[in-house]
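Hello,

Below is the structure I said I would pass on. My notes on its side-chain contacts follow.

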Amino acid sequence: MAKIGLFFGTDTGNTRKIAKMIKKGFDDELMAKPLNVNRTEVDDFLSYDYLILGTPTLAEGLLPGLGADCQAESWEEFLPQIEDADFTGKTVAIYGLGDQVGYPHEFVNAIYFLHEFFQDRGAKLVGRWPVDGYEYDISLAEDDGEFLGLVLDQDNQAGQTDERLAAWLKLIAGDFGLPV
């Protein structure tokens, strides 16, 4: 069995596309096939000691789900199913998609919500990302000059995605036992 679980929530498919890019970068037995959380069994999710999690930020800074007018369930509905789980000893890295021009007042807030959820349950969180190169007003995902995970803006900076993703994967590789 793969030792790294790769899970995402999505509405438009962009977060899924990034998950596939991550898997392609490490296409071997170490990483499981990317899986949408709305198709995930709780026991399967909990079986991994290493998790890479992806999310867009929707509406007024929300996690994807029915409350954010998604067409299908997502993180909003999945997280309550694991709220009593203990993630002590597990390593989690988060990537998030957002639109810094269209939503500068809640840019990538969903990263913050995932980060807090897993931190509160004992997970070791890795993969902070610098805020340099982004223009936004407010983000809950910013902490001490860094984002709490990789930030990608497919609406306004899609040309930087490959470079940012490669640098981030290199950054977290040691924490996940991945080849650099």
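**Salt bridges and aromatic pairs**

D49 is partly exposed, since its relative accessibility is 44%. Please keep in mind that this is a predicted model.

D49 has a charged partner: its salt bridge is with K90, and the closest N and O atoms are 3.6 Å apart. K90 is buried, at a relative accessible area of 9%. D49 sits in the loop between α2 and β3 (50-56), and K90 in the loop between α3 and β4, so the bridge ties together parts that are 41 residues apart in sequence.

In total the structure holds four salt bridges. Another joins the side chains of R128 and D143, at 2.7 Å from N to O. Here R128 belongs to the loop between β5 (124-126) and β6, while D143 is in strand β7, so parts 15 residues apart in sequence are tied together. R128 is partly exposed, with a relative accessible area of 30%, and D143 is also partly exposed, with 34%.

R128 forms a salt bridge with E146 as well, where the closest N and O atoms are 3.6 Å apart. Because E146 lies in strand β8 (residues 146-147) and R128 in the loop between β5 and β6, this pair ties together parts that are 18 residues apart in sequence. E146 counts as partly exposed, at 31% relative accessibility. Through shared partners, R128, D143 and E146 form one network of salt bridges.

Now the rings. The structure holds 17 aromatic pairs. One of them is F45 with W75, an edge-to-face pair with 6.4 Å centre to centre and 80° between the planes. F45 is in helix α2 (residues 42-46) and W75 in helix α3 (residues 75-78), so the pair ties together parts 30 residues apart in sequence. Both F45 and W75 are buried.

F107 and Y134 make a tilted pair, with 6.1 Å between centres and 45° between the planes. This pair links distant parts of the chain, 27 residues apart: F107 is in the loop between β4 (91-97) and α4 (109-119), and Y134 in the loop between β6 (129-130) and β7 (142-143). F107 is buried, with a relative accessible area of 1%, and Y134 is buried too, with 8%.

Ring pairs also link a cluster made up of F7, F45, Y48, W75, F78, F87, F117 and F118. One ring of that cluster, F117, has a charged neighbour: R121 lies over the face of F117, at 3.7 Å from the ring centre.

Regards

How values were computed. Residues are numbered from 1 along each chain as its sequence is written. This is a predicted model: local features need pLDDT of at least 70, side-chain atom pairs count only at pLDDT 80 or more; totals for chains, interfaces and linings use all residues. Side-chain values use heavy atoms; hydrogens and water are left out. Rings of Phe, Tyr and Trp (its six-membered ring) pair if their centres lie within 6.5 Å; planes under 30 degrees apart count as stacked, over 60 as edge-to-face and the rest as tilted. Helices (H or I, at least four residues) and strands (E, at least two) are DSSP runs, numbered from the N terminus. Buried means under 20% relative accessible area, exposed over 50%, partly exposed in between (1.4 Å probe, protein chains only). A charge sits over a ring if NZ of Lys or CZ of Arg is within 6 Å of the ring centre and within 35 degrees of the ring normal.
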